[in-house]
Amino acid sequence: MLELRPNCECCDKDLPPESREAMICTFECTFCADCASNVLQGQCPNCGGEFTCRPVRPAAMLAKYPASAKRILKAEGCVPVKAA
């Protein structure tokens with residue numbers, strides 16, 4: 001089950017569970033749409049994977065399976081993955 005992390009790892013923008021702006025990679029690294037597109041050029045700086053829109057968990061399921069409250073922020077900042 002997805003953690004539904006509460007913030008962008010790059011800019012620390014709040015991304016509540018219902019946000020349509022949250023982007024994730026296959027490892028659930030979470031970024032806002034702006035950082036994923038404009039800063040990271042669509043490639044996760046943690047694993048090199050591509051981003052997709054994070055699904056929204058229905059409110060009834062959030063009560064039973066709450067979103068994560070643990071904030072993750074890249075201490076070194078966000079930089080695009082260098083092309084090989």
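Here are some notes on this predicted model, point by point.

1. Let's start with the sheet. There are three strands in an open arrangement, ordered β2-β1-β3, and the pairing is antiparallel. The edges are taken by β2 (30-32) and β3 (52-53); each has a single partner strand, so one side of each has no neighbour in the sheet. As a reminder, strands of a sheet pair through backbone hydrogen bonds, in either a parallel or an antiparallel way.

2. On the β1/β2 pairing: β1 covers residues 22-24 and runs antiparallel to β2, with three bridges between them. If you want a spot to look at, take Ala-22, whose bridge partner in β2 is Cys-32.

3. Next, empty space. Rolling a probe the size of a water molecule over the atoms shows where space is left over. Here that gives one cavity of 30 Å³ or more, and the largest cavity has a volume of about 30 Å³. Its lining is made up of Leu-2, Glu-3, Leu-4, Arg-5, Ile-24, Glu-28, Thr-30 and Arg-54.

4. Most residues other than glycine have a negative phi. Leu-4, however, has a positive phi, near 55°, and Glu-28 also has a positive one, near 70°. Leu-4 sits in the segment before β1, while Glu-28 is in the loop between β1 and β2. Is Leu-4 buried or exposed? Leu-4 is buried, because its relative accessible area is 5%, and the cut-off for buried is under 20%.

5. Now the charges. Side chains of opposite charge can pair when their charged atoms come close. The count here is six salt bridges. One of them joins Lys-13 to Glu-21, with the closest N and O atoms 2.8 Å apart. Both ends are partly exposed: Lys-13 has a relative accessibility of 36%, and Glu-21 has 28%.

6. Arg-71 and Asp-14 make another salt bridge, again with 2.8 Å between the closest N and O atoms. This pair ties together distant parts of the chain, since Arg-71 is in the segment after α2 and Asp-14 is in the segment before β1, 57 residues apart. Arg-71 is partly exposed at 39% relative accessible area, whereas Asp-14 counts as exposed at 51%. The cut-off for exposed is over 50%, so the 51% of Asp-14 puts that residue in the exposed class.

7. The Lys-74 to Glu-76 salt bridge has its closest N and O atoms 2.9 Å apart. Its two ends fall in separate classes: Lys-74 is buried, with 14% relative accessible area, but Glu-76 is exposed, with 61%. Elsewhere, salt bridges with shared partners join Glu-3, Arg-5 and Glu-9 into one network.

8. Last, the surface. Which residues make the nonpolar patch of about 320 Å²? Met-1, Met-61 and Tyr-65 do. Tyr-65 belongs to the segment after α2 (59-64). With a relative accessible area of 32%, Tyr-65 is partly exposed. Patch residues need over 30% relative accessible area, so Tyr-65 qualifies on that count at 32%.

Conventions. Residues numbered from 1 in each chain as written. Predicted model: local features only at pLDDT ≥ 70, side-chain atom pairs only at ≥ 80, totals over all residues. Heavy atoms only, no water. Patch = residues over 30% accessible without salt bridge, like charges linked within 9 Å, V, L, I, M, F, W, Y side chains within 5 Å. Areas by Shrake-Rupley, 256 points an atom, 1.4 Å probe, with all protein chains shown as cover. Salt bridge = Lys/Arg side-chain N within 4 Å of Asp/Glu carboxyl O. Helix = DSSP H or I, 4+ residues; strand = E, 2+ residues; numbered from the N terminus. Buried < 20%, exposed > 50% of the residue type's maximum accessible area, 1.4 Å probe, protein only. Pairing = 2+ DSSP bridges. 1 Å grid on protein atoms, 1.4 Å probe; cavity = no way out; pocket = protein on both sides within 12 Å on 5 of 7 lines; lining within 4 Å. Points joined across faces, edges and corners; volume = space filled by probe spheres on them.
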